[in-house]
Amino acid sequence: MSDKTFREDNYLPCHRYEGHTVDDSGFCIFVDPENNEFYFAYLENDKLIYRSEGYANASGRDNGIASVKKNMQEDEKHTARMLPDGRWILSLKAGNHQEIARSCPVDSEADALAYLPSARIKHQDEEKKTDAREDDYLVCKHYHNHQRSEAHPDFSTFEHDGNYFFALLDSHGDVKLRSERYKSAAARDNGIESVEKNRKIQERFSIEEGRGIYYVVLKAGNHQEIARSCPYKTREEADAYLNPPIQFAGLLDSTHLHDQYLICHDYHRGPRLEEYPDFVAFEKDGGYYFAKLSVNGVVELRSERYESKEARENGMQSVIENMSINHRYDVKIEDDGILYVILKAANNQEIARSCPKDTVDEAYHYINLTAPAIEESSPAKPKRQNDDYLDCEMYKGHERSEAHPDFSTFEHDNEHYFAMLDSEGDVKLRSEGYKSTSARDNGIASVIKNREIKERFSIEEKMGDFFVILKAGNHQEIGRSCPYKTQADADAFINPPVLAAAPKPQRKDDDYLACKMYKGHQRSKKYPDFVTFEHEGHYFFAMLDQDDEVRLRSERYQSAKARDNGIKSVLKNREIEKRWSIDQKMGYYFSVLKAGNHQEIGRSCPEKEKPALGMWWLAAPAVLAADKPKRRDDDYLACKMYKGHQRSKKYPDFATFEHEGHHFFAMLDQDDEVRLRSERYQSANARDNGIKSVLKNREIEKRWSIEEKMGYYFSVLKAANHQEIGRSCPEKEKPALGMWWLAAPAALAAAAVIPPKEALTAAASTPSTVKKAAAAPAAASSGGGFKWWWLLPLLLLIPAFFLYRGCDKTPDASAVTPVSKPKPPVVTEKNPVPPVVDTMEKVVPPPVAAVSCDCSARKHPVFNIPSDPNPKSLTVLGRAPEFGNSHGLSPEGFYNKLQDRHQQSQTDKKFLDDIFTEMGFNGFEEATAAVFSETRIKPGIKANIGTNKPNKRHATVYRTLNLSGKDLEAFKIKAKNGCDMYFMKTCGNHMFYCPN
């Protein structure tokens, strides 16, 4: 049920959907003040299940809610998708395959699938069962302060409301386990004996959760619950009950801990390993462990404790080498009667074991292996049913997969299967059953990866038939053939020329993606009949009809510019009938569009029925033109996007920046707060013209107005032609129109510090001008003429100018004079000018030395550069992404991305706080977007760079960065202490090298 990498572009962070009033149906609605769009969310039991994208109006949002209500109960309408940063979401789609809502990001696909309607219902049922079980227990206070039983000194017994109960006590008399009610004392005593028998078997204990409370539960060999603890608030407290050191006397005998194994539920930790996806590895209480999992995440084999990572890695390699060898397995029955399947190495040393099982049949079925021969004195050998393969006839006659044309896929008894086909459509390899389509697709990918490696094939004989087996690099079987009557027939499958010819048909369609990949993207504002998107570093487009259905899809392009040229070619040729043709392939029909040079420039999705050539291509232009999106407020960005940019040297009252290929500006006050923001411009030249228009109109009162929208107020500036040229950020209180626009020029002029040189020169040569200018406000206030009074703040800067010059020059050069001939000013008694004091020059501080990074003092792993002169070479990024691909983000956008992760993940929060503290900040929150910038690193740098190792996010390795192309692009963070660091755009991984 998973899909390809997906993005979070138009969704808010999850915490922004919380705290709103929820109606009886579980939905809440709100308007986001930063982008003025309408949102909704759906919650169950105060847990956020679905969140929406932004809508332009309330009616659109309400339609979205109606669509979610219609589709939310169907598992088939949901798809698990991976975000660029490695996290997962569950996407809900309508009948037209358009996404209408999604879950919050989680760490794994399994966590995303937990949002499925069926999974949520199952969880609710389990909670109800927990509540029902708890009904037969008394609250814990009733089990205290009863006398110990003479027959069973570790237990106390008592009656309550005509029923009989017991409690298991520790050496201090505290209740460790409590019983349900019994109808008689004899039944209760049988319950005590059952607890006595099972309490020494650690595997009989488990931890259950219900409504946020945790219980330690003890079960008998028939899995019947026989006692449970009092409730714990955290899993850690419950874990402390079970795991060494034992927290109470006499309950668990250390001889029954089965060497150095943990109980099975402890092995469900950490993500699957990238190199070995069937394994997890983790650390617990100073020891290192691993486990081999099934496709569905069930622990099949578990390791003992290792004292180091290196020892654990060696143990894992031994398991990988031996786990496909049947005679390396054996059955072991411990003294407590629990049965395990154990895996041994060639030296007969146990290297892993299964979870406990009650019968041999159950044990071998659990790990899906053919049972080895067992001596007559041992339990009977289980009968194996050919793994999870169906009869060969079941794999025939299914349609080829659009994504993988040399495979067919189908469903049987709620499990998903595939078959690899030859050019004639005959089944060459068949799969076992998978629990989900995503797991099945992973199986197909594994077959494609391994089928070209002859060594991965083997032949197995069974009951007179011969099977060709394909295994992955970890020796896990991933496909098998139908039975052959002779070994020669099986050999013919593996040996050339059959192997080379059979599995891999020649494709002409390689540069097209599957049709589903072109769906669900936003229309392009530049080309509204089209959507554009990136996938695995390539660029694609699709032409849509008025229902957002894909009518034409593109091949891949190496750049956005080349893709846009492809769109222009489609626009040029789509109305020319002779450019179109119908192509047939594997029983499907495609409408194909070619350019004048007969080069194919697009093709439709496959259709089972041959289309009439002239039907849709002639209708397309009119239909698509009618669907041109109506413009809202889209050309403004959210206010936070305008913050943190540097002032323009050319226009010091403004900051300018680029975002997603467009150009923007913001007018700032003296505190660098955004007072006016621009819409987007197609070029820097057009943006500068917009700035000039603001400068021309901002001092004209009638150009300003106040607008109200959705309960927020905006100050709007328009040009003489009534065209809007800027607007403020939203304010909750209505501003007084004259307050900030009249203050803006003075405040902004103050930011420039020095008035124009010509004006100050004239003022210095005629000091009486100051006195005349001072009288101007009074004259203006009398009513007539130009309003001079707003110039007063500017004129008051003149004395400051003299002082400024005096602080910077010698006495002979301190006065402001004409440029051609410097001389001292004329001073009279009527117009005294304070003399320049020599001491003022002495207070000028000396130049501050540039801050330099002391690399030798850095202890944090990110900043501690190893002494190795020849680190390993790193030639490509993106294999272990840390914060995900960020090529489409501005420095401000990447800062916002880190800010969201800082708020949503404790792991990310700690990492960011630590590295920003090491750079001289007071944690990440002290930094602003202003310290982020874009750069390009030099190839060949030796640096520490981030990676995501198993069970350890934000690990750091030392490498020589032999990178090229886009992999050299990075965001730079300016440190306070000179130890600047970087984040690589391709993967979002941190990077540091010593600048000295």
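Biologist: How far apart are the end C-alpha atoms of helix H21, residues 906-918?

Modeller: Quick caveats: this is a predicted model, where local features need pLDDT of at least 70, side-chain atom pairs count only at pLDDT 80 or more, and totals for chains, interfaces and linings use all residues. Residues are numbered from 1 along each chain as its sequence is written, and side-chain values use heavy atoms, with hydrogens and water left out. Helices here are DSSP runs of H or I with at least four residues, strands are E runs of at least two, and both are numbered from the N terminus. The expected span is 1.5 Å times one less than the number of residues, so the 13 residues of H21 should span 18 Å, and the end C-alpha atoms agree at 18 Å.

Biologist: Which residues of H21 are buried?

Modeller: Buried means under 20% relative accessible area, exposed means over 50%, and partly exposed is in between, using a 1.4 Å probe and protein chains only. Those that count as buried in H21 are Asp908, Phe911, Leu912, Asp913, Ile915, Phe916 and Glu918.

Biologist: On to the cysteines: how many disulfides does the structure hold?

Modeller: A disulfide is a pair of cysteine sulfur atoms within 2.5 Å. Cys14 and Cys104 make one of them, with sulfurs 2.1 Å apart. The total is 7.

Biologist: Is the Cys14 and Cys104 disulfide left-handed or right-handed?

Modeller: Look at the torsion about the S-S bond: it is about -130 degrees, so the disulfide is left-handed.
Cys14 sits in the loop between strands E1 (2-3) and E2 (27-32), and Cys104 in the loop between strand E7 (99-102) and helix H2 (109-113), so the pair ties together parts 90 residues apart in sequence. Cys14 is buried at 10% relative accessibility, and Cys104 is buried at 12%. As for the hand, it's left-handed.

Biologist: Where does the disulfide of Cys639 and Cys729 put its two ends?

Modeller: The S to S distance is 2.0 Å, and with -125 degrees about the S-S bond this link is left-handed. Both cysteines are buried. Cys639 is in the loop between helix H12 (613-626) and strand E32 (654-659), and Cys729 is in the loop between strand E37 (724-727) and helix H14 (737-752).

Biologist: Last one: what lines the largest cavity?

Modeller: A cavity is a set of points on a 1 Å grid over the protein atoms alone where a 1.4 Å probe fits but cannot get out, and lining residues have an atom within 4 Å of a point. The largest cavity holds about 60 Å³ of space, and its lining has no nonpolar, 4 polar and 4 charged residues, with Asp, Glu, Lys and Arg as charged, Ala, Val, Leu, Ile, Met, Phe, Trp, Tyr, Cys and Pro as nonpolar, and the others, Gly among them, as polar. The lining residues are Asn96, His97, Gln98, Lys519, Gly520, Asp547, Asp548 and Glu549.

Definitions and conventions: 1 Å grid on protein atoms, 1.4 Å probe; cavity = no way out; pocket = protein on both sides within 12 Å on 5 of 7 lines; lining within 4 Å. Points joined across faces, edges and corners; volume = space filled by probe spheres on them.
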